[in-house]
Amino acid sequence: FRIMAGKVKWVTDIEKSVLINNFEKRGWIQVAENEDWNFYWMSVQTIRNVFSVETGYRLSDDQIVNHFPNHYELTRKDLMVKNIKRYRKELEKEGSPLAEKDENGKYIYLDFVPVTFMLPADYNLFVEEFRKNPSSTWIMKPCGKAQGKGIFLINKLSQIKKWSRDSKTSSFVSQSSKEAYVISLYINNPLLIGGKKFDLRLYVLVSTYRPLRCYMYKLGFCRFCTVKYTPSTSELDNMFVHLTNVAIQKHGDDYNHIHGGKWTVSNLRLYLESTRGKEVTNKLFDEIHWIIVQSLKAVAPVMNNDKHCFECYGYDIIIDDKLKPWLIEVNASPSLTSSTANDRILKYNLINDTLNIAVPNGEIPDCKWNKSPPKEVLGNYEVLYDEEMAQSDGADRDLRSRSGQSTGTKGNRARDSGKPVLTTWK
């Protein structure tokens with residue numbers, strides 16, 4: 001069982017040795033520069049080449065790869081928002097209780113992405129929204145970049161004049177050379193710990209989209225800024241205050257190379273349970289799981305569910321000071337390099353557990369298997385959602401209210417019988 005190490009470029013930020021050690025530990029591989037390969041940890045660009053109609057390449061039954069062909073439907077910032085908006089509208093048309101709105105027209109259950117527009121396409125819509133609340137702060141991100149590159153904050157329309165604007169029509173003029181951006185309402189009331197902003201990096205493994213089966217990794221972590229947070233407009237340009245990306249924070253004077261500005265999710269839980277209470281903390285993580293499942297359901301209909309594919313996503317979640325979680329973005333190639341000793345252990349185990357689910361028992365891969373591994377091989381993963389199991393339960397329990405009640409298929413609230421209500425997406 002061989003891996004091709006020389007013919008295709010490795011993902012740049014993966015520690016090659018960690019992957020190879022994981023493979024060799026199973027007796028799966030000898031690293032060889034040939035084209036006899038079965039399992040490959042590919043970059044997103046290589047995946048595009050493999051599945052391109054121009055190459056004419058076809059994977060055989062014993063070949064497994066670590067991305068879906070059009071993963072970008074979830075991992076490109078603009079497409080993720082577009083698919084979630086489409087998903088909401090479809091549920092609304094179906095009369096689904098999931099798409100219920102409050103008296104202000106806001107989604108009650110599906111309001112988990114900050115208000116977002118695409119630039120330059122939605123410039124006029126953005127201006128209209130901006131003028132409703134001119135004191136708001138917005139964050140601009142290039143659609144196809146990662147690690148905090150190209151991100152900046154604005155609180156005045158004049159600050160985006162670096163893009164061409166037709167002064168006569170006050171409309172945005174697109175230039176073919178200009179990169180597409182998304183502009184989102186900035187979460188300016190983040191939950192702070194020690195006065196510093198942080199976000200959550202959570203790992204989610206999808207083994208198949210149709211039926212949807214996904215797993216949550218228990219060992220995620222928080223990424224902290226090195227400088228205390230302030231909403232002051234004078235600090236809008238200070239990325240050490242606003243962006244949690246390690247690629248940015250590691251260049252700060254206050255960056256700690258021992259702990260890397262990271263906290264485990266279990267530490268966050270302990271902190272929140274002691275300061276806010278266990279019930280509130282459980283509700284928060286329940287809502288985070290809800291967000292992840294709904295985002296995957298949003299892209300499932302358009303995802304090319306190739307049987308040779310699986311994918312481990314890096315979810316970035318921000319929690320505001322009201323303990324409401326917000327989905328910021330989803331990463332197709334979450335960094336597997338280690339900035340600390342704990343980081344290395346976590347990511348080694350992440351790769352190990354991911355491979356055990358993708359290729360159970362270290363056997364030769366077979367893309368035709370049912371992709372339902374036994375519990376004993378899950379390691380630190382736990383089943384987050386199993387669509388087949390949900391359907392076999394015979395009821396749509398997707399919608400659970402924030403009060404802990406369940407909703408039947410017609411949207412009627414289930415009476416509280418005193419028994420715990422199962423949620424099939426968990």
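This is a predicted model: local features need pLDDT of at least 70, side-chain atom pairs count only at pLDDT 80 or more; totals for chains, interfaces and linings use all residues.
Let me begin with D111, which touches R88, K106, K324 and W326, once residues up to four places away in sequence are left out of the count. As for where D111 sits, its place is in the loop between helix α4, residues 77–93, and strand β5, residues 116–119. Is D111 buried or exposed? With a relative accessibility of 17%, D111 counts as buried, because the cut-off for that word is under 20%.

The axes of α4 and α9 are 8 Å apart, and the two helices pack at an angle of about 90°, so α4 and α9 are roughly perpendicular to each other. On the α4 side the residues that meet the partner are N83, I84, R86 and Y87, and on the α9 side they are Q294, K297, A298 and V299. Sorted by class, the contact of α4 with α9 divides into four nonpolar, two polar and two charged residues.

Helix α9, which runs over residues 278–299, also packs against helix α8, residues 265–275, and here the angle is about 140°, with the axes 8 Å apart. That angle makes α8 oblique to α9.

Let me turn now to helix α2, residues 44–51, whose buried residues are T46, I47 and V50. How are these buried residues arranged when we look down the axis of α2? They fall within an arc of 105°, and so they line one face of the helix. Among the elements that cover the buried residues of α2 is strand β4, residues 64–65.

I will finish with the cysteines, taking two of them as examples. C143 has a relative accessible area of 3%, and is therefore buried, while C214 is buried as well, with a relative accessible area of 0%. How many disulfides does the structure hold? The number is zero.

Note on methods:
Residues are numbered from 1 along each chain as its sequence is written. Side-chain values use heavy atoms; hydrogens and water are left out. Axes are lines fitted to C-alpha atoms, for helices over the stretch in contact, and angles run from 0 to 180 degrees between N-to-C directions. Helices (H or I, at least four residues) and strands (E, at least two) are DSSP runs, numbered from the N terminus. Angles under 35 degrees count as roughly parallel, over 145 as roughly antiparallel, 65 to 115 as roughly perpendicular and the rest as oblique. Buried means under 20% relative accessible area, exposed over 50%, partly exposed in between (1.4 Å probe, protein chains only). Contact means heavy atoms within 4.5 Å. The arc is that of the directions from the helix axis to the C-beta atoms. A disulfide is a pair of cysteine sulfur atoms within 2.5 Å. Ala, Val, Leu, Ile, Met, Phe, Trp, Tyr, Cys and Pro count as nonpolar, Asp, Glu, Lys and Arg as charged, and the others, Gly among them, as polar.
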